[in-house]
Structures are given as C-alpha cells and as structure tokens.
Amino acid sequence: MSPVLAGVLQLTALVAALALAYRPLGDHMAAVYSSPRHLRAEKILYRCIGANPDAQMRWPAYLRGVLAFSAVGVLFLYLLQRLQGGLPLSLGFASISPDQAFNTAASFVANTNWQSYSGEQAMGHVVQTVGLAVQNFVSAATGMAVAIALVRGFARSRTGELGNFWSDLVRGTIRVLIPISVIGAVVLVACGAIQNFSGIHEVGQFLNGPGLGGHQQTNGGAVATQEVIKELGTNGGGYFNANSAHPFENPDAFTNLFEIFLILVIPFALTRTFGKLVGNVRQGYAVLATMGVIWLGFTALMMWTEFAHGGPALQAAGAAMEGKETRFGVGASSIFSVATTLTSTGAVDSFHSSFTAFGGGLQLLGMMLGEIAPGGVGSGLYGMLIMAVIAVFIAGLMVGRTPEYLGKKIGTREIKLAACYILVTPTLVLGFTAASMVLPDALGSMLNTKALGAGSHGFSEVLYAFTSGANNNGSAFAGLNANTPWYNTTIGLAMLLGRFLPMVFVLALAGSLAEQKPIPETAGTLRTEKPLFAGLLVGTILIITGLTYFPALALGPLAEGLS
Amino acid sequence: MNNSVRNTARLIGAGLRALLVLTVVCGVIYPLVVTGVAQAAFPDRANGSEVRSHGKVVGSSLLGQRYDKGTDKQGNPIPDLRFFQPRPSAGLGSNRANGVNTQYDLQVSGASNLGASNTDLLKAVRERKKWVAETYGVPESKVPADAVTSSGSGLDPDISPAYAQLQAARVAKENHLPATTVRRLVTRHTDGRTLGFLGEPRVNVLELNVALRDLARGQGEKG
C-alpha cells in the first residue's frame, strides 16, 4: 500500500468515526444544556459555589460570570507557578519568572496553551496536574457555555435570559468532558501513554561503558489524563516539550488517529446540539457541511503539498520527514496538523516550522479563518454562527431585503456586534506582528532569518506566533524564541484579548437576539438550511479572511514558497 | 458605589469557589482515579514500557536512544556500528547538526524547527546523506528520508524498514554474522501499519538491537 493511499484511508476512517459519534454526542449535549434536572454531585458543587443554578441570567450577568471565573483562573495559575519552588511534588523545579508565569496563565485560561516553557524542564506535578490540566477542562467548558448562550439567543424570544453560567460550566465539565476523558485516558494508557506520579528518575540504557552513561534521567507524570483533555478540550498544551510527537503522549499510529478524533469530535457534534436547540436539525447540518467542506479541503491540500515535499532541504532528503515521527509518517502528520490549526487546539504530532512553505501557509490560513472549521470547543460554533450572520447580511444586501437568520432580524445592532467580533483578532495579529518587525529585540528571536528568501520564514514565525496567540490556537513555528519579556507579554495580551473580547460581542449579540420576537417564515426568507447557503458561507469566510490577511501571507509563506 | 464593590466581591468569591471545587474534581479526583486504574490494569505501560534484557532494564520501547562508542575530541559522538543506528536527533538546544545521533537526551524532547528552505538544514541533510552512503556502502540515491532528517520528538524509537535493511550488511560484518541472518532479523522486527493502514511501517531500534546482541552472543533466535 502506498503512503498516499494509507493517508486517504486514515482520513476515511476518521470521518466514519466522527459520523458515528455525531448524533449520540450532539443529542447528549443538547440534553445536558436543556435538562431541568441537576445531578446530586452537581447540587453539592452548586452549594460550594454558592450559586443558584436555576437563576436565569441576562447577557451582562452571564458575561460577568465568565469574566470573573476566568480572571480568578489567571490569578490562581499565576500564583501557583510563582510559588512552584516552595510547593511539594514539584520535582525540584524553581518558580517561574513573572512574565513567563503571566504568559502561561493567560495562555491556559484563554484555551490557547501557547507554551514558552519546556514541560519536562520547568513544570512539576502540582502545576501540571492541579493547575494547567484543570484549566484545560474549565476553559473548554467556558467556551461551550458561551456557544450555548448564543444558541439560546437564537432559540428564545421576548426574553433577555440566556441561562445560568455556573450551571452551564459545571454541566459541561461533569457530564461531557469528564466522562469522555476518563475513557480516553484509559485507552491512551493501554496503548503506552504514561500515567504515574514518579519523580525524575534514572532509567537504564542499552549500552554501558565509559563515557556512555548507561543511565539517563527521565520524567514521570500524569500524562495520559492531561493528554486526553488537551485534545478533547482543544487546548493543546503538551506535558512534554515535544507535545503529541513525544512517544509518551502519543505512542502509536492508533493513538494518533484517536487523538485527532478527540480534537474534532465535540466541535463537530456541537452543530447537532445547535440544530436540536433551535428546533431544526437541518440548520445544524448546513453549519456542519460548511465546516466539513473547509476541513476536508484543507486536509487534501496539506497531504498534497507534504507528499510533494517542496523546498530545497526536503527535496534533498527525499521526503518531508523533518520534524515528523516514523510511526506516523507524512499522511497522518498532515491530517493532525490541519485538525489542530482549524480548531483552537495547537497540539502537534509533527513540527509545523519544518513543513513545506505551502503547508505552513495552510496552517496559518486555518487559524486566520478564525478557527471555525470545526473550531475550538464552543468557540468554533459561535465563530461560525457570527460568520453565518455576516453571510446572511451580505445575502440581504444583494436582494435588498432585511436580513434574518433563524427567525431573528439581523438589524443594525446585530451586524455591528458581528463586525466588532471579526475585527478583534486581525487587529491583534497584524498590530503586534508589525510592532515586532520594527523592534530590534523582537527581531533577534527569529531562528530562520538565514533562510533562502531572506527572512520570509522568520517573518512567518512571528506572524504565526501572534496568529496562534490571538486565535487561541497555541501551536508554534517553534523556530521563534518566544521566551522573552516582549513576546511573553504581548502574546499573553493577544491571547486574553483574542479570547474574551469576542466573547463580549457574542454574549451581547445573544442578548439582543433573545429579546426579539420571532419573524414568521415567508416565501422570501433565505433558506439557511440549504446547500446554497452553505456555499455562500464558505465563500464569505474565505473572502473575509483572504482580504484581511493576504498582504501578510504574501510577505511570509507565499514569498518563501515562490523563491 | 458601595453596592457595586460588594457585588463584584461576591462575584469574584463565587468564581474562586467554583475554581476550587472544579480543581478538586478535575485536578485531584480525576487524575488519581485514572492513575489507580492505569496502575492496576496496565502497570508496564503506565510506567513507561521498559524493555528488559537478561533481567536488566535497557530503556523504554517507546523512546529512542543512542548507540555510540564514545565521543571524539570535539565532543561529537562516534556511532557504534555494531548496532543499528537511530534517526538523527536535533532535539531542543542542539546547535550541532553534523553527522548522526547527536542528542537523544530524554529530558530535552523537541525538533530542529528548521524550515524547508533553511540553509543549515539543507547542509545537514547533505552531510548526513553522505555519511550514511559512505558508512553503509550504498549510493546516495538509496538513502531514505528518515535517515537524514530528525524527528518531531527527537526521541523517535523507530526507523523505516528501508533504513534498517540498508544498515544490515554493515552491522552483520561488524558482528561477524552472515548478512542474510541479520536481514532476516530485521524483517522479523519490522512492524507493518497498525490494522493495515494506520501510520507507516517501522522497525523499533531498541528491540532490534536487543535481539541482535543476543544473536551475536549466540544466545538469540536462530536465523
């Protein structure tokens, strides 16, 4: 069997697995977020929190809940890292410096998991398991809660009420993320991912002799439990520096495909949840089709460019194997890299900086689309619904009719909020990249400035870093030395603003939609569940992103690929 | 004013309590329960898949390692050609891209991160290709890609079957074994794709070298 055929078969198996999980998981999540009943364990949690889970919140109250919870999360994680030196079970690692601790705290709370540290050399058991892994759960549950609040905005009428944030947060964690994580973690351990609490210890080596060591030090850790939620919650922060390329995180070809499945399963299934909650599953299928077309298109292009292995070094090597593991090969690595950049995950099983120039461009473009195909857990759905609002607006302009979506009028207030949403990340990405290009300190961090094509790969590294941060992806063109005060601080800011400013606009939009009274469907209503609309939506997404980022892409990957 | 301060404080308090109870659930109970299950059901796997040879731990089957005779005056390792060599490894912090086998330090996992058009990478690939071709007596066109590129983790435990077969003749000579015997050993240690289509075919270098050493000492599987 040729590697290309094996790659296509793996993609087919992945699509089949996602299709099997789509209805049961989507329906389960719809039930989770609409059931009036509380589990006994949840009641205990609500009592500890001191919140009434049945109290309905209007959008400002919902937003205050999100922001208060996240602000506390940043502070807690910051302090945990700053105090690491004095904590037990920290493997002798020192406390993290202030700028790096801020960056990492912002990163994990914003569901980004950008890492300017090296896991096995900096973070002990307590910070990893009690700090970082917990944010992997709750930042994902927060994203899902905001998405559900927006869906309720479409589904409800003549009320401003969007549900209860504490209830949505707890239910998403307890009823969705934890059960899948427990099963997934056991599967990963069964395949070889490690799960223990041993410290740094010696492990024997094959050769013994003078100058050969015979022993090496290695880290233990609760790796499988963190690995599974890192993928499932589209977080992406690896236990080890090599992330999912490390054999202890991703031991074989099966776990590799399983991890890709975990990344994609909730974002895709949420479109079913959306359809159920707005009372028309076909609306969900239209959104699913849009996501699916973009995702499959990107994956096909990525496999094509990686198998073609353009670029002098890869041509000399004979295949695009730099930064890729033997057990995965080119095909599976391509599938992983698209899944991780079209969602807000950022985990890597192969190193993006060493992909072909065109492949690196695809990864960048995937994040620049706003990570909506299928996107991060929750953030993918609300990002896509914002795009749908824009597409409906454009369609309305074409025929001269007041645009409406799911029986709600898209008026001045709604379109202003949607426009603000899509302006946030480009402003952050392009602004910070431009600033880095004129600061000598920032320029010194680029690894690949000696490349052919004079610095275009170096420019791509910086553009990639801010794109990854502001879009809450967290993967890196790791050639950039990002552990400097400038990058730690600016990328930290980009991550926080890129996560929470859009949430403000999403929740405000949800509130304004929920207050409207529904418009009855007429012969003139745009049928948003039809393929024509899905096509319009794909076009809108590509055109908006293309116009925003094309000049920057031309200076980076396009210049490198063409030189 | 007073009211809004009080409301904010109440909200922050709720956020803090929510974080703490969810930390107990997701950061304490969840990892401890899974660790318990993992240690009871799959203790070998959960503790790093150690490989033993004659009762002694010789490494992990999941992590690559180096097979060197020592280092030269510049501190570059000299590969021990009695054993199969892994992929080059330019793990974290390595500035040396010359020759093969320069890292495999378990605590500095990572990739070179050099781009496809990077001149250092191009130079390193050419040097490695020359070294493999000369050392194993094959034309440069026959050297597979995994032999001249470093992996994502820098700890890749595997090499391609092509790279293993390419090394077989020289390894056999160094061990005073018939080449066909070593080639058969490589074939026996070649794993196909999982379920026939997942990933790529591969040879686990540590397991192959353990079997090879037993064979060379006359204690191993007979060809």
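## Two domains in chain B

Let's start with how chain B is laid out. The centres of domain 1 and domain 2 of chain B, taken over C-alpha atoms, are separated by 43 Å. Domain 1 covers 2-46 and domain 2 covers 50-216, with bounds that come from an automatic or database domain assignment.

A word on what you are looking at: this is a predicted model, in which local features need pLDDT of at least 70, side-chain atom pairs count only at pLDDT 80 or more, and totals for chains, interfaces and linings use all residues. Residues are numbered from 1 along each chain as its sequence is written, while chains are lettered from A and ligands numbered from 1 in the order in which they are written.

## The overall form of chain B

Chain B holds 6 helices and 7 strands. Here helices (H or I, at least four residues) and strands (E, at least two) are DSSP runs, numbered from the N terminus. Read from the N terminus, the order is α-α-β-β-β-β-α-β-α-α-β-β-α.

How does chain B compare with a compact globule of 223 residues in its radius of gyration? Such a globule would have a value near 17 Å, but chain B has 24 Å. The radius is taken over C-alpha atoms, and the globule rule is 2.2 Å times the number of residues to the power 0.38. Along the principal axes, the C-alpha trace of chain B spans about 85 × 45 × 40 Å.

Of the 223 residues in chain B, 48% are buried. A residue is buried if 20 or more other C-beta atoms lie within 10 Å of its own, exposed if 12 or fewer, and partly exposed in between, with C-beta atoms placed from the backbone. Among the contacts in chain B with a separation of 6 or more, 50% are between residues 24 or more positions apart. Two residues are in contact if their C-beta atoms, placed from the backbone, lie within 7 Å.

## A sheet and a hairpin in chain B

Three of the strands of chain B form an open antiparallel sheet in the order S5-S7-S6. S5 and strand S6 (190-191) of chain B stand at the edges with a single partner strand each, so one side of each has no neighbour in the sheet. S5(B) and strand S7 (residues 202-204) of chain B run antiparallel and are joined by 2 bridges; two strands pair if DSSP finds at least two bridges between them. Which residue of S7(B) is the bridge partner of B:Ile159? The partner is B:Val203.

Elsewhere in chain B, S3(B) pairs with strand S4 (residues 77-79) over 3 bridges in the antiparallel sense. B:Thr71 has B:Pro77 in S4(B) as its bridge partner. S3(B) and S4(B) form a hairpin with 5 residues between them, and B:Gly75 in the turn has a positive phi of about 90°.

## Where the chains touch

The two chains meet through 85 residues of chain B and 103 residues of chain A. Elements giving two or more residues to the chain B side include helix H1 (2-41), helix H3 (119-136) and helix H6 (205-216) of chain B. H1(B) gives the most, with 21 residues.

What is this side of chain B made of? Its residues divide into 39 nonpolar, 32 polar and 14 charged. In this count Ala, Val, Leu, Ile, Met, Phe, Trp, Tyr, Cys and Pro are nonpolar, Asp, Glu, Lys and Arg are charged, and the others, Gly among them, are polar.

## The overall form of chain A

Chain A has 19 helices and 4 strands. A compact globule with its 563 residues would have a radius of gyration near 24 Å, and the 23 Å of chain A agrees with that. The C-alpha atoms of chain A fill a box of roughly 85 × 60 × 50 Å along the principal axes.

In chain A, 63% of the 563 residues count as buried. Among its contacts between residues at least 6 apart in sequence, 79% join residues at least 24 apart.

Is A:Ala145 buried or exposed? A:Ala145 counts as buried because 29 C-beta neighbours lie inside 10 Å. A:Ala145 is found in helix H6 (residues 125-155) of chain A. Leaving aside neighbours within four places in sequence, A:Ala145 is in contact with residues including A:Phe165, A:Leu169 and A:Gly378.

A:Ser157 sits in the loop between H6 and helix H7 (165-191) of chain A. With 14 other C-beta atoms within 10 Å, A:Ser157 is partly exposed. Not counting residues up to four places away in sequence, A:Ser157 touches A:Gln516, A:Lys517 and A:Pro518. A:Ser157 and A:Ser512 are 355 residues apart in sequence, and their C-alpha atoms are 9.8 Å apart in space.
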